[in-house]
Amino acid sequence: MVMYDTLVIGAGQAGLAAGYYLQKAGLRFVILEASDQPGGSWPHFYDSLSLNSPARYSSLPGLPFPGQPDRYPRRDEAVAYLHGYAAHFALPVVTGARVIKVERSGRFFRVLTGDKGCYRARTIVAATGFFGQPYIPNLPDQAHYRGQLFHAAKYRRPEPFRGQRVVVVGGGNAAVQIGVELAQVARVTLATRHPIRYLPQRVLGKDIHFWLNLTGLDRAQWLDEQSVPVFDTGAYRSAIASGQPDHRPMFERFTEDGLIWSDGCHEKVDTVLFATGYRPHLPYLAELGALDQAGRALQRRGASTSVPGLYYVGLPRQRNAASATLRGAGADARIVVNNLRRYVETQRQSQGRHAAGVVMKRQTRIWSGRGNELIALITLMMLALKQQIAAQGLASPRLLGEAVIRSVMISAGFLGVGHAATLYAPH
Ligand SMILES: Cc1cc2nc3c(=O)[nH]c(=O)nc-3n(C[C@H](O)[C@H](O)[C@H](O)COP(=O)(O)OP(=O)(O)OC[C@H]3O[C@@H](n4cnc5c(N)ncnc54)[C@H](O)[C@@H]3O)c2cc1C
Ligand SMILES: NC(=O)c1ccc[n+]([C@@H]2O[C@H](COP(=O)([O-])OP(=O)(O)OC[C@H]3O[C@@H](n4cnc5c(N)ncnc54)[C@H](OP(=O)(O)O)[C@@H]3O)[C@@H](O)[C@H]2O)c1
């Protein structure tokens, strides 16, 4: 079985950025991807989605996002860019390879896939994204509700909801964007636990990412625990202010056909759409001891703190607020691959020392074996000689010479039989 320096799991932006730096470092690797193409989750996002960062701030390393740099690319452009990225650098993506389990095999990792067999590597880069497991809270009496429950991850376009009464739960980017879009065809309320936090998309004529980049805020660690505010040109805030959609505090509980609002009023509702975010989903690492009780990776700056040789790219706030974004994946991947390369080199060196140790031990064994044989030969010769002398005496130098030759032949014969016995002995 081929021994890879590393196996990258997932060929979304995080896995591809890791691939770019692994290729530059000359390491031996493949990228295992569950689906039938590289590019990650982007094809599954809703139809109207645009990037919240302009093209100039949305590139992976080594290949600028094409087209006018100040526009906000659409979902399908992001899909095409990531396809193009994998092809441009001829990154070794193995599609249809869903990783089921990663396990330790001595100093290496064994990776089991569903349909593409088993792989072996010195290190692993887990880059399967954070958005694989939609989170739906369990609210009071939710099980009794007979209407439609839906997560934003499954939402594509507003048409199927035309004319319905819809409540969207959540106050993040997905909730606000979907809520505003749905409000054009349905009667929609946004239900949130906290006031919605907005971040102006443009400041002093420049996109916010220009300022985040200039001030270094995007790379700041102290923003780590903040949730993502809603990027807004002002259009979302004014749509919500005008009641399209309407905005209310979180409802109290479900009923069979609707819900009870915090003021005690009951209302019939056709669909409750949860835009309540995602939870970590790294099931293939569960048995490695790499995760905490909530399933979150135990890591610092992308290196596992509990499993040497295991790395991550693309976790939210892995290093900073930009970690799980197109603009942040490259910088994180570079740091991770640097550390990983050092780890691989150290492992190779220690393996080299280990191998040299084995050869030296074997040589010592061989030579000490030869030494034993020599002692045995001399002892046998002495015994044989003593026997000859006892039998014939030392009458003449000729007799002595003959005795020596005979004793050498006898002892060599003994040793030969001994060798043959060792060769054919069962191991
Ligand atoms: C609705 C939405 C909008 C977003 N908009 C933006 C935005 O405008 N700008 C921005 O920068 N970021 C945005 N993000 C955040 C982030 O950039 C994307 O979620 C992006 O897809 C994350 O890339 P990734 O490579 O980490 O993970 P993913 O894109 O999810 O890729 C992970 C890959 O791993 C594969 N995989 C999963 N499990 C396995 C397995 N066991 N074995 C093998 N392969 C596996 C998957 O098939 C997938 O191809 C958005 C996120 C969401 C949810
Ligand atoms: N390109 C784009 O414009 C775009 C569009 C959509 C998403 N995205 C990105 O995709 C990622 C995910 O975004 P997201 O909006 O799906 O998720 P998110 O940012 O995690 O927001 C989840 C929302 O759900 C709320 N919530 C969670 N549990 C709740 C509960 N039990 N009851 C009520 N409310 C609850 C949270 O409110 P609390 O604050 O009260 O916890 C929060 O407002 C983010 O990185 C985001 O930037 C980008």
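**View 1. Leucine 204 in its loop.** Leucine 204 lies in the loop between strand 12 (202-203) and strand 13 (206-207). Strands here are DSSP runs of E with at least two residues, helices are DSSP runs of H or I with at least four residues, and both are numbered from the N terminus. This is a predicted model, in which local features need pLDDT of at least 70, side-chain atom pairs count only at pLDDT 80 or more, and totals for chains, interfaces and linings use all residues. Residues are numbered from 1 along each chain as its sequence is written, while chains are lettered from A and ligands numbered from 1 in the order in which they are written. Although leucine 204 is not a glycine, its phi is positive, about 50 degrees. Leucine 204 is exposed, as 7 other C-beta atoms lie within 10 Å.

**View 2. Arginine 301, between strands 21 and 22.** The loop that holds arginine 301 runs between strand 21 (299-300) and strand 22 (303-304). The phi of arginine 301 is near 50 degrees, a positive value in a residue other than glycine. Arginine 301 has 16 other C-beta atoms within 10 Å and is therefore partly exposed.

**View 3. The surroundings of ligand 1.** Around ligand 1 there are 33 residues, of which Gly10, Gly12, Gly40, Gly129 and Gly314 are the closest. A residue is near a molecule if its C-beta atom, placed from the backbone, lies within 6 Å of it. The shell around ligand 1 consists of 16 nonpolar, 14 polar and three charged residues. In this division Ala, Val, Leu, Ile, Met, Phe, Trp, Tyr, Cys and Pro are nonpolar, Asp, Glu, Lys and Arg are charged, and the others, Gly among them, are polar. Helix 1 (13-24) and helix 6 (326-392) each give at least two residues to the shell of ligand 1. The largest share, three residues, is that of helix 1.

**View 4. Helix 1 and its burial.** Ten of the twelve residues of helix 1 are buried, so the helix is largely enclosed by the rest of the structure. These buried residues are Gln13, Ala14, Gly15, Leu16, Ala17, Ala18, Gly19, Tyr20, Tyr21 and Leu22. Glycine 26, whose phi is positive and near 70 degrees, follows helix 1.

View 5. Among the 22 residues around ligand 2, the nearest are Pro137, Gly170, Gly172, Ala174 and Gly277. The shell of ligand 2 has eleven nonpolar residues, ten polar and one charged. Domain 1 (3-133 + 278-353) and domain 2 (142-274) each contribute at least three residues to this shell; the domain bounds come from an automatic or database domain assignment. Helix 3 (residues 173-182) has the largest share of the shell, four residues.

**View 6. Asparagine 173 in helix 3.** Asparagine 173 belongs to helix 3. With 19 other C-beta atoms within 10 Å, asparagine 173 is partly exposed. Asparagine 173 and isoleucine 196 are 23 residues apart in sequence, and their C-alpha atoms are 9.6 Å apart in space.

View 7. Strand 9 (residues 165-169) and strand 10 (residues 187-192) run parallel and are joined by five bridges. From strand 9 the chain passes through helix 3 to strand 10 in a right-handed β-α-β crossover. Right-handed means that, with the strands pointing away from the viewer, the path from the first strand over the helix to the second runs clockwise. Two strands pair if DSSP finds at least two bridges between them. Arginine 165 has arginine 187 of strand 10 as its bridge partner. Strand 10 is also joined to strand 15 (residues 246-249), in parallel, by four bridges. Threonine 189 stands opposite aspartate 246 of strand 15.

View 8. The peptide bond between glutamine 244 and proline 245 is cis, with omega about 10 degrees. Proline 245 sits in the loop between helix 5 (235-241) and strand 15.

Key: Buried ≥ 20, exposed ≤ 12 C-beta atoms within 10 Å, placed from the backbone.
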